[in-house]
Amino acid sequence: MLWGCSLGVIFYSIAVLVHVATMGTIGVRCMFGTRIEEEIPGDYQWEGARPERGDELLAIDHQKISGNVYSGYSDYIRAMRGLRGRIGDTIEVKWWRGPGSLVQSGRATVQYPPGRTYFWSLIWFLQELLVFGIGARVFWRRPRDESARLFFALCIVTVGAFMGGYHWTEIVFLPPLIYLFALFALFVPVVNLNFYLVFPRRNPILARHSGRVLRWLYGVAIGYLGLLWGSMSLTGMWSRERDPRAIVAFEVVRNLSLFYIGLAAALFLVCVVCLVYSYQHARSKAEQNQVRWILPAAIVSSLLIAYVLIQAWNDPATLGRDNAAWPLFGVSILFTMAHAFSITRYKLMQVEEITNRGMVYFLSCLAVGLIYSGMLLVGGKLIGDRLFAPRSTSMGAILAAISVVVVLTLFEVARGRFQRAIDRRFFREKYKLDEAMNKMRMAVGSLVDRATLGHRLLEAASEVLRLEWGALYLLEGSGTPYRLTACHGPAPDEHDLAADHPLIGRLHETPTVRLSHATAETGGADPVSDSLIALGGEAAAALGSDGRIAGLLVLGPKRSGMPYEDEEMAFLGAMGSVATLVLHSADIQETLEALNQELRDKVEKIAEQQRRILILQEQLRDRAGREAAANDEPGGHHRSPVEPVPPGVFEAIKGSGPAVRRMIAMARKVAASPSAVLIRGESGTGKELLAAAIHRASPRSARPFVQVHCAALSQGLLESELFGHVKGAFTGADRDRIGRFEQADGGTLFLDEIGDINLEVQTKLLRVLQEMAFERVGSSQSIRVDVRIIAATHQDIEALIRDGRFREDLYYRLNVIPMWTPPLRERREDIFELAVYFLHQHAQRTGKTVSHLDPEAVEALAAHDWPGNIRELENVIERAVVLADGPAVTVDDLPAEIRRDPRRGTRPRLPAPVTSGPRGRRARRAAMPARSWSPPAETALAPIPNEFDADERQQLLDALAEAGGNKSIAARLMGLPRSTFFSKLKKAGLLDGPTEAS
């Protein structure tokens with residue numbers, strides 16, 4: 001049906017142009033009456049006087065014109081219709097200025113209308129045929145698409161309405177043409193609104209009430225058309241019969257025409273609203289680009305249409321003059337350009353490219369070749385004429401030859417440049433692919449990691465395809481999901497894709513997946529398309545080989561909003577193949593780097609631990625030796641443990657690992673400041689010790705350091721404990737009491753477990769922090785203090801704030817300088833040092849001679865996770881010292897949960913410390929310089945006493961050999977008192993004289 005209508009509107013337009021070009025006219029134009037509305041142009045031939053604008057016609061040739069406005073206009077139409085076929089005849093015309101004025105007459109020659117009267121309509125018709133042809137092509141390719149069908153229908157009615165409307169004062173003489181014009185004019189705003197209700201996707205109102213909206217829209221137009229056609233028919237019939245009712249019918253036609261102009265303007269404003277809504281609620285960049293150029297054209301056109309309506313309201317006759325035609329012509333031009341730009345650049349309704357790129361490339365190359373050949377012919381002709389001129393000299397011939405070479409060279413250079421420019425324009429992907437491959441080659445050469453390679457891969461794809469967004473998912477290991485490795489633009493919501501994801505399943509079948517815009521608009525047709533839409537992408541490419549997908553590239557919409565073409569999908573396939581090799585190379589390099597770094601870390605850790613263990617064990621041996629020597633001195637007595645010398649400011653914090661070093665370095669900086677400090681960490685990590693160290697290192701070290709354990713006090717007593725109370729403030733307050741804030745005046749107040757105080761105390765504490773003033777409980781006298789606050793907690797303060805159990809403003813007052821005490825599981829390198837420290841401390845306190853740890857015990861301590869942190873470690877060591885039977889703490893002295901720690905079998909073992917016994921001596925021999933000593937021959941060959949064990953004798957010999965013959969050092973190496981060691985030497989027959997025994 002539409003194809004028949006399209007042929008009909010073309011024939012109608014041609015008929016209008018033919019009628020206008022062949023009609024007979026004398027240059028007189030009237031609209032809705034007998035008054036002349038325009039001056040008669042000078043190119044019309046008149047004899048004598050000619051009527052002027054505003055004169056009333058009385059007769060044209062033999063046709064008298066009634067003085068009544070409506071019946072007179074019918075007479076005017078019949079008179080002008082009678083001029084057809086009388087070209088060249090001279091007729092008489094009569095007119096006057098109005099009743100009471102003189103009747104004037106003149107003679108006019110009937111002639112064809114000047115070409116200028118229909119020249120612009122012919123130009124517009126030709127350019128409108130361009131959009132008409134594109135609409136026909138769209139409808140031909142997608143006949144079942146609603147928007148394509150409506151766009152083609154809009155092209156049909158628009159062409160018919162403009163061709164009839166631009167010449168309505170001429171075609172009013174021919175009833176078939178004016179009746180069809182009324183049809184086209186009535187349906188232009190209706191079809192236009194229907195198109196914008198479905199373009200670029202269905203409006204929600206039309207989607208919910210489709211039948212009702214269309215019935216009202218087209219029902220009103222059809223009813224209005226029937227009423228208008230009926231009134232026009234009655235007007236013509238009654239005018240011929242001179243029936244007075246023709247006046248009423250004519251008035252109805254006039255009012256219907258003017259009213260529908262206003263109705264069409266209202267429908268046009270609704271179209272603009274629909275365009276604005278479609279632009280703001282576009283689901284993709286493509287939809288937004290389709291409306292992007294039509295919307296400004298509609299807004300500008302609304303101003304031109306408003307101008308026409310204002311002119312028509314003031315003077316309805318202006319609808320037939322040029323001052324009303326040019327705005328409508330501008331509206332048509334604007335919409336033509338907007339639709340053409342949207343179609344050709346952004347593919348209106350996602351139709352395929354109208355022109356074939358291969359054909360355009362061929363024609364462009366052909367044009368360049370013809371221009372090049374023409375320039376060669378012209379240049380050759382000029383040079384030939386110069387060369388073979390009758391008076392040509394040898395110098396002229398040389399110059400002509402040089403000119404030939406220069407011209408050929410320049411033309412060849414120009415041709416090459418034009419050819420390269422054409423190649424770059426039509427085969428942009430080829431050049432961009434070369435650029436992308438160069439970037440990937442540089443990335444492989446620099447041996448970067450997978451994430452960096454992924455970013456460069458996405459950058460290359462973005463430059464080639466001009467993307468807005470892209471993401472790269474890679475498979476990190478067997479059985480793991482595909483994880484987001486790199487992204488160009490905002491990160492997608494899904495960071496992991498399971499192996500059974502529909503998109504990955506489709507990529508196992510085909511290397512690339514492309515989302516068609518038709519599928520995106522309907523949705524729900526394919527789970528693969530739905531999953532790709534959920535990711536925000538429009539295309540995907542697999543990275544892998546041999547049926548295994550190592551990753552996938554998900555690409556979002558292009559900046560132009562256009563769908564992905566076949567050449568671009570082929571580019572993605574090629575890039576995916578190359579990227580697979582690049583990423584595999586990066587995986588190998590990354591694995592080698594990780595193994596190398598792990599090996600270096602283990603070597604450094606082992607060396608550091610060996611050094612520290614040797615230093616600490618040597619200190620323990622020296623201490624044990626000094627104590628043994630003091631006990632064995634003649635007349636000596638066993639000394640009671642000496643009180644330790646007070647350590648330095650931060651020496652009380654044991655540990656030398658990186659976590660402790662960072663904490664101490666931070667504490668040194670914090671100590672000099674009076675700002676509040678919030679220490680956070682798990683229970684048993686040394687928060688109180690750190691707070692005390694900060695105080696001792698601060699300028700307030702000479703003033704009090706007052707501690708308050710907030711969790712140990714009831715909430716009722718905490719306020720009195722902090723701020724004090726006066727006598728009689730509450731039951732039991734028999735005297736005044738100074739609070740902790742007053743006690744800490746000038747010094748530091750440490751509030752432990754600050755997260756356990758109630759909201760009422762928090763409010764009062766906040767006031768103290770803000771004003772450094774408070775009142776005792778039961779008193780109204782304000783007391784000012786100068787106190788530095790250090791708070792500590794093991795709780796999640798942020799969670800307490802969200803639950804409404806901790807004031808957020810108090811948190812920010814306390815959290816001026818946040819510090820963290822690391823848990824013991826994150827500082828395993830300090831476990832041995834802390835264990836030795838606690839071992840020495842509790843050995844002194846208990847008076848036992850436990851001096852070192854057995855290697856198996858060290859391994860068990862290092863393997864445990866210590867949920868109770870340092871406090872748990874201290875308790876374990878204290879228990880082990882109490883249970884130890886000898887000079888060493890063995891694994892049997894440790895609690896069962898530490899002995900049975902499942903991680904001991906898999907955790908790397910710490911180097912064994914130097915201990916006594918054969919194994920310890922072998923370790924010491926590996927770490928100590930060798931000494932040249934051997935037992936005397938007679939001692940080595942002496943018979944072994946029966947009561948002495950041979951293995952124990954060999955241990956004594958090993959200790960002497962290790963100590964270079966020094967029996968005091970050998971006794972310390974074995975962990976024995978000197979007297980006991982000499983006694984064993986004597987029993988083993990290794991004492992070489994009485995002097996040694998002394």
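Biologist: At what angle do helix α35 and helix α36 pack?

Modeller: First, the general idea: two packed helices are described by the angle between their axes and the distance between the axes. Here, helix α35 (residues 967-974) and helix α36 (residues 978-987) pack at an angle of about 100 degrees, and their axes are 9 Å apart. That makes α35 roughly perpendicular to α36, a term that covers angles of 65 to 115 degrees, while under 35 counts as roughly parallel, over 145 as roughly antiparallel and the rest as oblique. Axes are lines fitted to C-alpha atoms, for helices over the stretch in contact, and angles run from 0 to 180 degrees between N-to-C directions. Helices (H or I, at least four residues) and strands (E, at least two) are DSSP runs, numbered from the N terminus.

Biologist: On what basis do these values rest?

Modeller: This is a predicted model, in which local features need pLDDT of at least 70 and side-chain atom pairs count only at pLDDT 80 or more, whereas totals for chains, interfaces and linings use all residues. Residues are numbered from 1 along each chain as its sequence is written, and side-chain values use heavy atoms, with hydrogens and water left out.

Biologist: Which residues of α35 meet α36?

Modeller: Contact means heavy atoms within 4.5 Å. On the α35 side these are K967, S968, A970, A971 and M974, which meet R978, F981, F982 and L985 in α36. By class, this contact has six nonpolar, one polar and two charged residues. Ala, Val, Leu, Ile, Met, Phe, Trp, Tyr, Cys and Pro count as nonpolar, Asp, Glu, Lys and Arg as charged, and the others, Gly among them, as polar.

Biologist: In what order do the strands of the sheet with parallel pairing lie?

Modeller: Two strands pair if DSSP finds at least two bridges between them. This open sheet of five strands has the order β13-β16-β19-β12-β20. Its edge strands, β13 (705-709) and β20 (817-820), each pair on one side only. Direction ignored, neighbouring strands are turned by 20 degrees against each other on average. β13 pairs with strand β16 (residues 748-752) over five bridges, in the parallel sense, and V708 has L751 in β16 as its bridge partner.

Biologist: Which strands does helix α21 lie across?

Modeller: Helix α21 (residues 658-671) lies across β12 (677-680), β19 (788-793) and β20, and runs at about 155 degrees to β20.

Biologist: What is the order of the strands in the open sheet with antiparallel pairing?

Modeller: That sheet has five strands in the order β1-β5-β4-β2-β3. Strand β4 (residues 90-96) and β5 pair over seven bridges, with I91 opposite A108 in β5. The hairpin of β4 and β5 has six residues between the strands, and there G98 takes a positive phi near 150 degrees.

Biologist: Why is strand β11 described as largely enclosed?

Modeller: Buried means under 20% relative accessible area, exposed over 50%, and partly exposed in between (1.4 Å probe, protein chains only). Six of the eight residues of β11 (residues 548-555) are buried, so the strand is largely enclosed by the rest of the structure. Strand β6 (residues 470-475) runs antiparallel to β11, joined by five bridges, and G470 stands opposite L555.

Biologist: What is the mean pLDDT of the chain?

Modeller: pLDDT is the predictor's confidence in each residue, from 0 to 100. The chain has a mean of 75, and 73% of its residues reach 70 or more. Among its elements, helix α37 (residues 994-997) has the lowest mean pLDDT (39) and β12 the highest (93).
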